[in-house]
Amino acid sequence: MPTTNQLTDEQIAEYRKNGFIGVNNVFSMEEVEELRKVTEEFVQQSAELTEHNEMFDLDFAAGHSPETPKLRRITSPHTRHPVYEAASRKEGLLDIIEQLIGSNIKLHHTKLNMKAPGGGAQVEWHTDWGFYPATNDDILEIGLTFDDMEIENGCLMGIPGSHTWPALDHHQDGYFVGAVSEDDFDMEEAVPIRLKAGGVSIHHVRTLHGSAPNISDRPRRLLLMGYQAADAWPLRGVPDWDKWTQDILRGEPTNEPRLEKVPVRMPLPPHPREAGSIFELQENLKKSHFATELDAAGIQQQQQQQ
Ligand SMILES: O=C(O)CCC(=O)C(=O)O
């Protein structure tokens with residue numbers, strides 16, 4: 001099956017209207033196989049660890065142990081192995097991104113989120129904008145799936161049109177917890193992004209998204225790669241100009257931020273309980289949107305009817 005490097009006009013219109021789309025066949029199965037193989041090596045490397053470190057976030061709730069290592073996240077995988085770096089720089093992918101945010105493209109970050117079979121954790125509803133507001137919102141995240149991604153194994157879900165909403169509050173008791181409260185939206189409007197392995201989800205930085213636990217017997221491995229227009233300047237500043245320019249993947253860097261009238265709420269003050277990953281941060285949320293497996297199953301039933 002040939003891979004694609006172009007969105008159709010319909011796909012672009014859907015992205016602009018809903019704030020997210022799914023696109024199959026962006027990566028070949030050979031590329032996916034290589035990514036799976038390298039990822040398995042990292043999972044084995046994490047086996048002996050008993051606590052999170054700057055590279056690995058472990059899934060204790062899913063039963064992480066030396067015999068059954070359960071890795072929840074690899075942080076910045078593109079800096080850890082050339083296979084991930086190649087994925088983040090794939091020309092066909094950058095062609096697609098250029099259609100959505102223009103020709104000056106900077107890599108924002110990467111992370112590999114994994115949900116183990118039978119319990120891999122949910123990601124509570126949030127916008128990426130809540131974490132890193134900028135001078136304009138030409139910023140998006142790609143999710144490259146290594147596995148067929150379905151509701152059962154905790155696919156990404158989005159709320160259509162939420163990228164046009166005012167800046168959502170990701171605070172609880174005055175502190176940033178990286179998740180919105182249940183009252184801010186109607187979960188029944190959630191649309192799952194179902195994909196085949198090698199496909200990508202694309203969501204706008206202001207799109208409200210989340211994902212349920214994995215209640216299937218299959219893994220869900222999603223390589224998330226954030227990209228931004230080079231003139232979308234982080235409101236928290238650019239601490240390292242050399243690193244900033246190294247991450248320009250297409251076009252030119254600029255020190256002239258483009259200022260757009262965008263609604264913003266800063267992710268401050270930080271939560272007093274220090275958190276390395278979004279999973280740890282969101283554990284501070286008093287009421288999960290996915291309180292029980294039954295809730296997750298309930299959502300699934302609703303969504304399957306859509
Ligand atoms: O892994 C997922 O399902 C979503 C991840 C996500 O949105 C995040 O890590 O910011």
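Reply: The structure is a predicted model, in which local features need pLDDT of at least 70, side-chain atom pairs count only at pLDDT 80 or more, and totals for chains, interfaces and linings use all residues. Residues are numbered from 1 along each chain as its sequence is written.

Me: Why is A179 called buried?

Reply: A residue is buried if 20 or more other C-beta atoms, placed from the backbone, lie within 10 Å of its own, exposed if 12 or fewer, and partly exposed in between. A179 has 27 C-beta neighbours inside 10 Å and therefore counts as buried. A179 is located in the loop between β9 and β10 (191-192); helices (H or I, at least four residues) and strands (E, at least two) are DSSP runs, numbered from the N terminus.

Me: Which residues is A179 in contact with, leaving aside its neighbours within four places in sequence?

Reply: They are E124, W125, H126, H170, Q282 and L285. Contact requires that the C-beta atoms of two residues, placed from the backbone, lie within 7 Å. For A179 and W125, 54 residues apart in sequence, the C-alpha atoms are 5.5 Å apart.

Me: What makes D173 exposed, and N25 partly exposed?

Reply: D173 has 8 other C-beta atoms within 10 Å, so it is exposed. N25 has 16 such atoms within 10 Å, so it is partly exposed. D173 lies in the loop between β8 (171-172) and β9 (175-176), and N25 in the loop between β1 (20-23) and α2 (29-45).

Me: How do you know that the buried residues of α2 lie on the same side?

Reply: V32, L35 and T39 are buried in α2. They cover an arc of only 60° around the axis, and therefore lie on the same side of α2; the arc is that of the directions from the helix axis to the C-beta atoms. The face turned away from that buried side carries the exposed residues E30, K37, E41 and Q44. The buried residues pack against α3 (82-89), β4 (105-115) and β13.

Me: Why are β5 and β12 said to pair?

Reply: Two strands pair if DSSP finds at least two bridges between them. β5 and β12 have 2 bridges, in the antiparallel sense, and V123 has S211 in β12 as its bridge partner. The open sheet has 4 strands in the order β5-β12-β7-β10, with antiparallel pairing. Its edge strands, β5 (123-126) and β10, each pair on one side only.

Me: Which residues surround the ligand, and how do they divide?

Reply: The shell consists of N113, V123, L156, H209, S211, L222, L224 and I278, where a residue is near a molecule if its C-beta atom, placed from the backbone, lies within 6 Å of it. Ala, Val, Leu, Ile, Met, Phe, Trp, Tyr, Cys and Pro count as nonpolar, Asp, Glu, Lys and Arg as charged, and the others, Gly among them, as polar. The shell divides into 5 nonpolar, 3 polar and no charged residues. β12 (209-211) and β13 (220-229) each supply at least two of its residues.
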